[in-house]
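Subject: Structure handover

Hello,

Please find the structure below, followed by notes on what was found in it.

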Amino acid sequence: MIAIHNAQLLRLALPEVIVVLAALAVLAMDLLFLRERSTRVRFTIASAIASLGCAGAILDLLLASRQANVLDGMLVANPLTHLVQIALLGMAIVAVLISVDSAFTEHVGEYVLLILLATVGMMFLVGSQDLLVIFISLELLSLSLYILTAFDKRSARSSEAALKYFLFGGMSAAFLLFGFSLLYGLSNSTSLARIASAIGNQHINDPALNPLLVIAIVTTVIGFGFKVAAAPFHFWAPDVYEGAPAPSAAFIASASKVASFFIFYQVMVVGFAGAEGNAAWSHVVSGWVPVLAIVAAFSMLLGNFVAIVQSSVRRLLAYSAIAHAGYMLLAIVAHTQQSLAALLYYVVTYALATLGAFGVIAVVETQTGGEWLSNFDGLSSRAPVLSACMFIFLLSLAGIPPLAGFFGKFFLFASVLTSTPGSLGLLWLLALAIALSAVSLYYYLQVLKRIYVASPSPEAAGIQVPIIGQAVVVVLAGAVVLLGCAPHLLLRWILEAIRASGL
Amino acid sequence: MLAWTIYISFLGALVLLLLPKASVASARILALLTAVAGFAIALTAFAQHRTGEMLTVVRAPWIPSLGIEYHLAADGISLTLLLLTGIIAISGILFSWNIEHRAQEFFSFYLLLIGAVYGVFLSYDLFLLFVFYEIVIIPKYFLIAIWGSTRREYGAMKLALYSFIGSAMVLIGLIAAYVRAGAKSMALGDLAQYPFPLHFQMWAFPLVFVGFAILAGLWPFHTWAPTGHVAAPTAASMLLAGVVMKLGAYGCLRVAMTLFPLGLLTPWGLHVLGLGSWRDVFALLAVIGIVYGAMVALVQKDFKFVIGYSSVSHMGFVLLGLMTLNQIGLSGAVLQMFSHGILAGLLFAVVGRMVYDRTHTRDLATLGPMNLNKAIPFAAVTFVVAGMASMGLPGFSGFVAELMVTIGVWRAFPVLTVCVGIGIVVGVAYIWRAMQKAFFAEAGVESVTPKPPLPPITFPERLGAVLLIGTSVLIGLYPQLLLNVIVPALNSPLFDGLRKGSWQ
Amino acid sequence: MTAFPWLTVLTTVPVAGAIVLLGVTERNKNLARVLALAFSFLALVLTLFLWHSFNAATGGMQFQERHAWIPTLGVEYHIGIDGLGLLMLLLSSIVVPIGMIASWQIQERVPLYFSLVLFLQACLFGTFTALNFFHWFIFWELSLVPAFFLIKLWGGPRRTPAATQFLVYTMVGSIALLLAFLAIFLATGNFDFIDLAALARNGHLMPDVIAKLNWHRFTPEHLTLIVFAGAFLGFAVKVPLAPFHTWLPAAYAEAPTGTTILLTGAMSKMGIYGFLRILVPIFGAEMQTVLTPLLWLAVVTIVLSAYAALAQKDLKRIFAYSSINHLGYCLLGIFAVVKFTGGDVALTAEKFAAMNGVLLQMFNHGLTAATLFWFVAMLEKRSGGLRGLDDFGGLRKVAPVFTGLMGISLFSSLGLPGLNGFVGEFLIFKGSFPLVTWATALSVIGLLATAIFILGILQRVFSGPLNETWTALPDLSTGERLALAPAIALMFALGLWPQLVLGVVNNTVIQMVQQLRF
């Protein structure tokens, strides 16, 4: 264990500190000076401060290239965590910005504060390889998200969703904690690396998996499966996506997903190293890989097929999120360096597209009073720019080139196959994934059909598109196109970070 | 230079989106100019490129960490199809001159589609090819769903899903091949030279081939074609039948067959219903497509369905030509791609634009009494000429192409030749039946004068029809023009793997 | 060989005419008619010039043009004529103006009608001059299109089924023919008639086909027969040979009479020409193998069609069946010649006679049948469309010149000595009898039946009591008489001096017969 000076620790956690300070500043500003102002002004100022804070944190992460591993993995800093943290901060900025024009709450300061706190939770989550810190930051994140979900007090759905989210979340936290405690019992350590070596040693002595380890694997997968909304642990997702205020939903669907997937990968790959097993067709060996393979397959099937029958765009996105979780789990199943890169690329671009889609939904909702498919009828003639952006987001989610989602899928699938050199054992999973992504085109096109093909109802008024919201959405759409046409911009960065982090 | 066919089309699409709403006329002209420019570039390249060998157009690193390059190249086969795309693009715009509803968007989607099609034909890197191949799906969907007619949303969705499922199959095969070959390069030449193990090719070949062939209308995966064609607006039908179906056939030849020749050639070692290899299976399916498409076309009530099924039948010739695996059959298949593109475009133009837009019906029983050969004689003449060409009457491009394919079939599958003959005969019958029912009143039936009188055929329509007929006759009388570049392309090292089989 | 491309020019003339006519508006009916006739006379003049310049002494291919066309397919633009081709060109050039004059009263879409006729003539010229299968087939097939539309647009009440039946039958035949030729191309890489005939003569053709087609399930004999059957079907439908003839009566009857003239006068010769130019030289051995059935077909064609003609009431249908009958004689002659090949020197004279007879009969039938249908057209014009056998009677009294001239034509068709029909049939029978005695003998029944129905026509239409309806029937006008005069004169001329034709074709016939070796 390396002794570390407090100042050094603070320096290491500077980005998180900046965000926390920004959060406090937002709260103070809002409560002390802006109480009498209109919601819009308060939101504008609050989000400006929050954005500045996040931007400051990003700047710090960019400039200071640190490599550190404090207290046996309690706090880890390397280019990879920085990269993910930067992405998270960026998404937080977007989430804050698209809430500027919303009017679902009067507690502006608290709302922005919670977003920032959730961001801090995610940053710690990403920058840790220790079960305790992981669990604590996960709870910080989750609690913030529960409240964010419930923030629209006028809406019963919002409260219902939050309650469901909370109940399921509590349960999954219990599972996770149970799994973690078993791991601790098995290895006498909370550090992922030590757990791995302990498991590995046992595994060498006794090729059959320790039953306790099996339970630990299963409960951990359940716990994280809940966080990433993989079937069959997805029940909260449709309600939350539907009930939460649009910016909250966007945040939950994007940033939280990025962080959860990253740490899921870390826990499984680093923590359970040695107990992987094999999911290759006809070579199945028990371990966490086959478990995840099954979860992945189930998520893809359920998500894609249930999404087809949805008539609420948000629920549709929720089920599509479940399906995408299934695709992303493939990367964990493959668990190679390349698949990590693919996972990061995928989850980041997925998050961008989802954020954008929720940005559009937020506008449509405030202007037309709903987010049913019928509310999107003829949107292209009422808000052409917004429609074009939605076009890009949904097609990226469907995996149509030259958008980012396509390259994400391609790279992910290629890396899954590469993970078993010499044989194509995971091909069955891949074939399933690709076949189902063909299904997904159907429901994405259903939305686009409403936007472009259906004619608007005669009484529908024109849509006043807020400038900030539109700007954010356009930037996101631009990013999706850019990352699709030139994936190397991001990919190079990810690959370098992975290499530099020595994973 | 040739790469500008892609860029200029995409650029045109973008500019059209930015045009002010009211300027429909300028949108048309802009679209036409863009298409003409694309064609001019393709034609120039065709004229300069006499050898037909693969020449790189652009090559730049794209995603270096995956070995993926932005690599465009053209050989004789690509050039032939590029020319086709250019011609169809121009005539499609000419036949869409009457589009008023959301015209900018229409032409924008149209040019997007054209640009992507150019892209597929020019791509040497298979990743790039796939990218363009998938881009095609989306504008296709919207062109049909927004501007289409009968059951347009159903037809559009069916088409999009079929295409997407096909491309999913292709994607599985491509990724597997890419990984198998070491995940170093997606270049066609590199993958074609990699000796994939036999058992790998045995499943990868049918997967990728069928994936592409879905778009080429391979029976029994053809069902999207008639509904899609019928639902689509005229220009989109022209594009669909004219070039999009060719994308599938091109993919079969360029990707599936070059990458996995052993999967195609090697016998299974057992016979199921007399079929001993994938080659036999696909040849049989192609022949069934020829005969079935023609038979079904023979009993249709909707004029456009006749043409829709005729496309299935004619594309069967392309696929059958590919399966002959001899030089004459393969060159015939490529020629048939060109020929069918031109002729299907022409037929759809007559049915969709000249007849349907004027009479607002496609029911053969309703059209007959109108005695259209008197009301719009130009349409009747055009249809007769196009029909003659389509049924493979000598002097038109279809004849040479089907002739070459049939020679190839004689050599490879003599038994199937008879079925092909039946298919041709039925082809004559359905064209003739449609022509009689649509344009000539039955004797004894009271002829109805349509009210209000049908508007005369406009100049752009005439121009488009003349362009297409002229091309068909030119190629019919002097096919060597295209064969000069197709044959060397087929003799290039790219097809070495196939040539080891039964190439003669 | 850079001689002036006379044959190409000849084919281009009617094409040019057809295009020019398309530019004439509907209202200028007379302009269209006159222009069309002018172009057809121009073609006739050109043909007469060729006739004049043709070197009858050699009898081989002349006026040849040969250019590379589609090297990939071994296709060349190769045209040329020998005596046979020249004769057919002349016949077409004569029949087409007759058809045009007989169509003078057409009122609807006149420019289009004459344009199609000229287009048909171009196809005929193309077919009779082509020496490469590729463009020969182009013309062969394209000729269907104008013929179809001539029937379809200007025909009688049941024109649509007739036109369709005509098209489908001939198309099926053509495609069978095409497939057969593709098989041959596959084996030889060659589409040239002359080259293929040479290969067949040397006995290389069919072994090549057998070697190159890996059709394991059939023996070589069957394979060659299948290829032959394909080609045979194509021509048999066109001629037509029973039982492939059923399209013909309907098509001839429903077509406007001017078109029927073209169909019977010139187009039916395409089939016989195909037998002579393609089937006999290339598939001689196979024909010999199945000679007996072929002869039976010929006999059945001759006899049945004559009896069928007896049963008809419609003049056009009668002449339609009589056409089948007359062309049956040609086939009989051809099959007879094929029976013996190679060294049978003793039979050479018979073979020459039969073959000369076939050629002469082709020309005569074209001329006579065209003239007969022309008379039908004039009769229809006078009667307002009636042409039944029983609709008239005693016309001799009101229209003596008409009766006389038509009588001459009928007797020519009957084969009365002194008229052209006699010489051809006589030569065929003279040549065939020693070669295939039983078939020739049976065919005589056809001659008898022909005599009966022709005399029946004379009796029921022209003699007997005058049908009261037609008391005011006008006789032939001066113009009509003038127009008919050359045709009638030619009948006499050829009847009295057959050497006019035989002199030109004889050397070609000798070569054809001598080259029949397999």
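The contact between chains A and B takes 28 residues from chain A and 27 residues from chain B; two residues are in contact if their C-beta atoms, placed from the backbone, lie within 7 Å. This is a predicted model, in which local features need pLDDT of at least 70 and side-chain atom pairs count only at pLDDT 80 or more, while totals for chains, interfaces and linings use all residues. Residues are numbered from 1 along each chain as its sequence is written, and chains are lettered from A and ligands numbered from 1 in the order in which they are written.

On the side of chain B that touches chain A, two or more residues each come from α5 (126-135), α6 (137-147) and α7 (152-180) of chain B. Helices (H or I, at least four residues) and strands (E, at least two) are DSSP runs, numbered from the N terminus. The largest share of that side is from α7(B), with 14 residues. By class, the side of chain B that touches chain A has 23 nonpolar residues, 1 polar and 3 charged. Here Ala, Val, Leu, Ile, Met, Phe, Trp, Tyr, Cys and Pro count as nonpolar, Asp, Glu, Lys and Arg as charged, and the others, Gly among them, as polar.

The other interface pairs 27 residues of chain C with 27 residues of chain B. The side of chain C that touches chain B draws at least two residues from each of α5 (133-142), α6 (144-154) and α7 (159-188) of chain C. Of these, α7(C) gives the most, with 14 residues. The classes on the side of chain C that touches chain B are 21 nonpolar, 3 polar and 3 charged. Of the 2 pairs of chains that touch, A and B have the most contacts. Chains A and C do not touch, and their nearest C-alpha atoms are 39 Å apart.

Next, the individual chains.

Chain A has 21 helices and 2 strands. Its radius of gyration is 22 Å, close to the 23 Å that the globule rule gives for 503 residues, so chain A is as compact as a globular protein of that length. That radius is taken over C-alpha atoms, and the globule rule is 2.2 Å times the number of residues to the power 0.38. The C-alpha trace of chain A spans about 75 × 50 × 40 Å along its principal axes. Of its 503 residues, 61% count as buried. A residue is buried if 20 or more other C-beta atoms lie within 10 Å of its own, exposed if 12 or fewer, and partly exposed in between, with C-beta atoms placed from the backbone.

Chain B comes to 23 helices and 2 strands. The radius of gyration of chain B is 22 Å, close to the 23 Å of the globule rule for 504 residues, so chain B is as compact as a globular protein of that length. Its C-alpha atoms fill a box of roughly 70 × 55 × 40 Å along the principal axes, and 67% of the 504 residues count as buried.

Within chain B, helix α4 (residues 103-122) and helix α11 (residues 234-259) pack at about 20°, with their axes 11 Å apart. Axes are lines fitted to C-alpha atoms, for helices over the stretch in contact, and angles run from 0 to 180 degrees between N-to-C directions. α4(B) and α11(B) are therefore roughly parallel; angles under 35 degrees count as roughly parallel, over 145 as roughly antiparallel, 65 to 115 as roughly perpendicular and the rest as oblique. Tyr110(B), Leu113(B), Val117(B), Val120(B) and Phe121(B) in α4(B) meet Ala235(B), Leu239(B), Val243(B), Leu247(B) and Tyr250(B) in α11(B). The contact of these helices consists of 10 nonpolar residues, with no polar and no charged ones.

Some local backbone features may be worth a look.

- Trp219(B) and Pro220(B) are joined by a cis peptide bond, with omega about 0°; Pro220(B) is in the loop between α9 (198-215) and α10 (224-231) of chain B.
- Val239(C) and Pro240(C) are also joined by a cis peptide bond, with omega about 0°; Pro240(C) is in the loop between α10 (220-238) and α11 (247-254) of chain C.
- Ala229(A) has a positive phi of about 60° although it is not a glycine, and counts as buried with 28 C-beta neighbours inside 10 Å.
- His335(A), not a glycine either, has a positive phi of about 40° and counts as buried with 21 C-beta neighbours inside 10 Å.

Regards
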